[in-house]
Every structure is written in C-alpha cells, then in structure tokens.
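Hi,

Here is the model we talked about, with the sequence alongside. Have a look at it first, and then read my notes below.

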Amino acid sequence: MNIVCLGYPVNPMKKLIIATKNSGKAKEVALILEGMGYEIVSLADYPDAPKVEETGKTFIKNAIIKAKTYADFTGELTLADDSGLEVDALNGAPGVFSSRFAPTDEERNSKLLELMKETPDANRTARFICAIAIAEPGGEIRTCEGKVEGTIAHEPKGDQGFGYDPVFYLPHLGKSMAELNADQKNSLSHRGKALEEAKKIMARN
Ligand code: IMP
C-alpha cells in the first residue's frame, strides 16, 4: 500500500536484511544501525531462505557469498558478516574454519591451547577479524573489515562473550575478551569496528 501525505506519496522505509538467523547478532546490528532510516529484518523472517555453503578462503569472500545470495533471494538490500580468529603461530588457523575447528566452544578453546602449549609468549599474537558485505539485489556489493589485535592466553579466563573470548587476551587492558561486558567488547571488537565502517558506507548511500 502506498502512503499518501498532503497529496504526495511517502516512501515506506527501505528494508535492510541482516543475513543471520541468530537473533542476538541481528539485534546487535540493528542497535548500531538505528536511526539510519532502515527497517531492519533478519533471515528469521524468511523461513525458506536457502542455506549457504561458506566456501570462501577469506572472511570477505564468505561475507560476499552470503550477502549476494540473500539479496538476490529477498530482493532487498542485504548485510552479511563473517568473522573468526587468526593465530600467527598456526599460520592464520583457525581462520575461516573458526566455527568448525572442533564441535563446541570449550573443545575449540582446549584444542587451541593444546596446539599452542609450546609457543612462547612473544609468538602468541592473534586477531579477531570481522568482514562485512552489503549487497544490492542483482547489483553492487560493498565491503569493509574490522580487526582487534591480541594474544592467545595460556588458560581460559572470564565468563562473558562467547566462542574464543576466554582465551583471547588484550595486553593493553590486562584482561581476556571474556572479562569485558557487552558495551566494553562492542567498543573495541572486530564486529563493532566493522559495523561502524558499514554505517559510514550506508550513510554515503
Ligand atoms: P561467525 O562468522 O560470526 O558465525 O563466527 C564464526 C566463529 O568465529 C564463531 O563460531 C566463533 O568461534 C568465532 N568468533 C567470531 N567472533 C567472535 C567473538 O567475538 N568472540 C569469540 N569468538 C568469535
């Protein structure tokens, strides 16, 4: 239905699809992009949306695959992200395989600490990376990235956050990522930084 105001049609809000069924992630994105004039919708509203194989060798490639697939499927502007942990002493692993490194978060962290048990402190550098792609249906795709540098701890610490947060140590704060509350984490995290960049891209358009 077209809305008419004083005889002029008023454009309804443009939709932005967040390419995730994870309502926590969709809410986090919606909060950061609030006030930009988009009606933000997640894939939870598209039960028939296809599953996407994340076959890319980089985070950016996987974000592009997801954004393009769901923009074409929904016919709406779509934002997709892909993120993970890169460990220098493991030649960048687990990288794009971060969620497939072992079956559970606990097992992933134990496996990582076991692989790193002989690695001296100076060589335990690592980073979280988040890539974002924003795709128009059948059209242009724009990308951006956010990173946070740290080191791999010798043991897990903290009970906030998720995934590799308990073993990811931030030397300048003297804390693991899992010892930060949600606001502190968002202000410095790879995902928070990438979303701030995405916001600039969206504001330009
Ligand atoms: P996704 O692309 O956001 O689904 O993330 C893939 C995987 O990377 C997750 O399953 C986690 O293992 C890891 N990961 C991504 N972001 C974070 C984070 O902020 N903290 C801890 N682990 C993360």
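Let me start with a charged pair: Glu54 and Lys66 form a salt bridge, their closest N and O atoms being 3.3 Å apart. (Salt bridge here means a side-chain nitrogen of Lys or Arg within 4 Å of a carboxyl oxygen of Asp or Glu.) Glu54 sits in the loop between β4 (38-42) and α2 (59-74) and Lys66 in helix α2, so the pair ties together parts that are 12 residues apart in sequence. Helices (H or I, at least four residues) and strands (E, at least two) are DSSP runs, numbered from the N terminus.

Before I go on, a word on the source: this is a predicted model, where local features need pLDDT of at least 70 and side-chain atom pairs count only at pLDDT 80 or more, while totals for chains, interfaces and linings use all residues. Residues are numbered from 1 along each chain as its sequence is written, and side-chain values use heavy atoms, with hydrogens and water left out.

Back to the pair. Glu54 is partly exposed, at 30% relative accessible area, whereas Lys66 is buried, at 9%. (Buried is under 20% relative accessible area, exposed is over 50%, and partly exposed is in between, with a 1.4 Å probe and protein chains only.)

Lys66 also forms a salt bridge with Asp82, where the closest N and O atoms are 3.5 Å apart. That pair links distant parts of the chain, with Asp82 in strand β5 and Lys66 in helix α2, 16 residues apart. Asp82 is buried, as is Lys66.

Another salt bridge joins the side chains of Arg127 and Glu86, at 3.2 Å from N to O. This one links strand β6 (residues 125-135), which holds Arg127, to strand β5, which holds Glu86, and the two residues are 41 apart. Arg127 is buried, with a relative accessible area of 11%, and Glu86 is partly exposed, with 24%. There is also a network: salt bridges with shared partners join Lys14, Glu136, Glu140 and Arg142. By the rule above, the count comes to 14 salt bridges.

Now the ligand. Which of the 14 residues around the ligand come nearest? They are Ser83, Asp165, Lys185, His190 and Arg191; a residue is near if one of its heavy atoms lies within 4 Å. Asp82 turns up again here, with an N or O atom of its side chain 3.4 Å from an oxygen atom of the ligand. A nitrogen atom of the ligand is 3.2 Å from a polar backbone atom of Tyr164, and a nitrogen atom of the ligand is 2.8 Å from an N or O atom in the side chain of Arg191. The protein covers 86% of the 470 Å² of accessible area that the ligand has on its own (Shrake-Rupley method, 1.4 Å probe).

Two helices to finish. In helix α3 (residues 105-115), the buried residues are Arg108, Asn109, Leu112 and Leu113. Seen down the axis of α3, they fall within an arc of 130 degrees, so they line one face of the helix; the arc is that of the directions from the helix axis to the C-beta atoms. Their cover includes β5 (77-87) and β7 (141-152).

Helix α1 (residues 23-32) contains Ala26, which is buried at 12% relative accessibility. Leaving out residues up to four places away in sequence, Ala26 touches Ile18, Thr20 and Ser42 (contact means heavy atoms within 4.5 Å).

Cheers

Methods
A polar contact is a pair of N or O atoms within 3.5 Å; within protein, one must be able to donate a hydrogen and the other to accept it, and residues adjacent in sequence count only if both atoms are side-chain atoms.
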